[in-house]
Every structure is written in C-alpha cells, then in structure tokens.
Amino acid sequence: MAEPKTQITDVDPVTFIEGVEPERKREEAIVLDAMFRRVTGERPKMWGPSIIGYGEYRTTYASGRDVHWLRSGFSPRKAKHSLYLMGGYCDEIAGKRRDELLEKVGKYKTGKSCLYVNKLSDVNMDVLEELLRNDWEAMGRIYPE
C-alpha cells in the first residue's frame, strides 16, 4: 500500500509560521499556535509543507487502510485558516456539542473534518477554543494513546 503524501517533516513549526504571508495570517497563526498548545499540551510538528499538527494517532479504516494522522491542527492558508478538528466528526457526543458551538462561533465554513475561517476577527475566540477542547477530548476517547 502506498505511503500517504502528508507525513511528519523535520521543519520547525515556529520557522514555518515566521514565513507565513501575508503578515495578518502570520500574526493569526501565532495566536492559533498558542491556543492549540494551551488546549492540547502538545508541541507541534509539521505535517507536509503547510499543516501544523498537535499529537498523532493511528487507526485502520474498515477498508483495511492504515492511517497515521495528526490529532488536531491547522494550516494558515492565504485565503482561509484550515483547522483540522476530527473528533467532532468521529464521536456522537462531541458531534452534538460541536453543532451547538458552531451556532455561536461566528463566520466559518466546514469541510468533512475541517473548519475554515477567513480571519480570526470573524469568530468568537472563546467558542473556537471550546470547539478545539471538545474535539481534543473526543480524540482522546476514540484513540487513547
């Protein structure tokens, strides 16, 4: 089976953040990194060229595909920040709480396991942190270390 394209790299996440453009995205990436570190208690690692991940887990899908992926993280993209919050999609309890929090967080879009935010001033940061905490706790229940 082929190795996944997105794997842990040796790039220092702080160095990566220092190079994020434009400046507003860089400043917001610093805020997000602090929040993710505070909630997860993890030191980040770079996954591929642009994803900052906190913690990791392994699982095997029903198809037999083995997965090694970050527990949570974000990517400060030019257009939007992509926040990787898998727990709310994998856990019924976390999913219900996630839906309640999304009603309060502000302006965002979602993908399967991502929350997309144009700029941090579009969201309530306390609610965003609670979303991350809810997700992190769910990942701990689903994939204990």
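Reader: Which helices and strands each supply at least two residues of the lining of the largest cavity?

Author: In this predicted model, the structure holds 1 cavity of 30 Å³ or more. Its lining includes Y89, R98, L115 and L131. The elements that each supply at least two lining residues are α3, α4, β6 and α5.

Reader: Which element gives the most to that lining, and with how many residues?

Author: Among the residues that line the largest cavity are L131, N134 and D135, and α5 covers residues 125–142. The element that gives the most is α5, with 3 residues.

Reader: How much space lies in the largest cavity?

Author: The cavity is lined by residues that include L85, G88, S113 and C114. The space in this largest cavity is about 80 Å³.

Reader: What distance should separate the end C-alpha atoms of α4, and what distance does the model give?

Author: Helix α4 runs over residues 92–105, which makes 14 residues. At 1.5 Å a residue, the helix should span 20 Å. The model agrees with this expectation, as the end C-alpha atoms are apart by 20 Å.

Reader: Which residues of α4 are buried, and over what arc do they lie?

Author: The buried residues are A94, G95, R98, L101, L102 and V105. They fall on the same side of α4, because the arc they cover around the axis is only 130°.

Reader: Which residues are exposed on the other side of α4, and against what do the buried ones pack?

Author: On the other side of the helix, the exposed residues are E92, I93, K96, E103 and K104. The buried residues of α4, in turn, pack against α3 (87–90), β5 (109–110), β6 (114–117) and α5 (125–142).

Reader: Which residue caps the N-terminal end of α4?

Author: The cap involves the backbone nitrogen of I93, which has a side-chain oxygen 3.4 Å away.

Reader: Which residue follows α4, and what is its phi?

Author: The residue after the helix is G106. Its phi is positive, near 120°.

Reader: Is E145 buried or exposed, and with which residues is E145 in contact beyond its neighbours within four places in sequence?

Author: E145 is found in the segment after α5. With a relative accessible area of 82%, E145 is exposed, since exposed means over 50%. The C-alpha atoms of E145 and G55 are separated by 9.8 Å, although the two residues are 90 residues apart along the chain. Leaving aside neighbours within four places in sequence, the contacts of E145 are E42 and R71.

Methods
Residues are numbered from 1 along each chain as its sequence is written. This is a predicted model: local features need pLDDT of at least 70, side-chain atom pairs count only at pLDDT 80 or more; totals for chains, interfaces and linings use all residues. Side-chain values use heavy atoms; hydrogens and water are left out. Helices (H or I, at least four residues) and strands (E, at least two) are DSSP runs, numbered from the N terminus. The expected span of a helix is 1.5 Å times one less than its number of residues. Buried means under 20% relative accessible area, exposed over 50%, partly exposed in between (1.4 Å probe, protein chains only). The arc is that of the directions from the helix axis to the C-beta atoms. Contact means heavy atoms within 4.5 Å. A polar contact is a pair of N or O atoms within 3.5 Å; within protein, one must be able to donate a hydrogen and the other to accept it, and residues adjacent in sequence count only if both atoms are side-chain atoms. On a 1 Å grid over the protein atoms alone, a cavity is a set of points where a 1.4 Å probe fits but cannot get out, and a pocket is an open set with protein on both sides within 12 Å along at least five of seven lines; lining residues have an atom within 4 Å of a point. Grid points are joined across faces, edges and corners, and a volume is the space filled by probe spheres set on the points.
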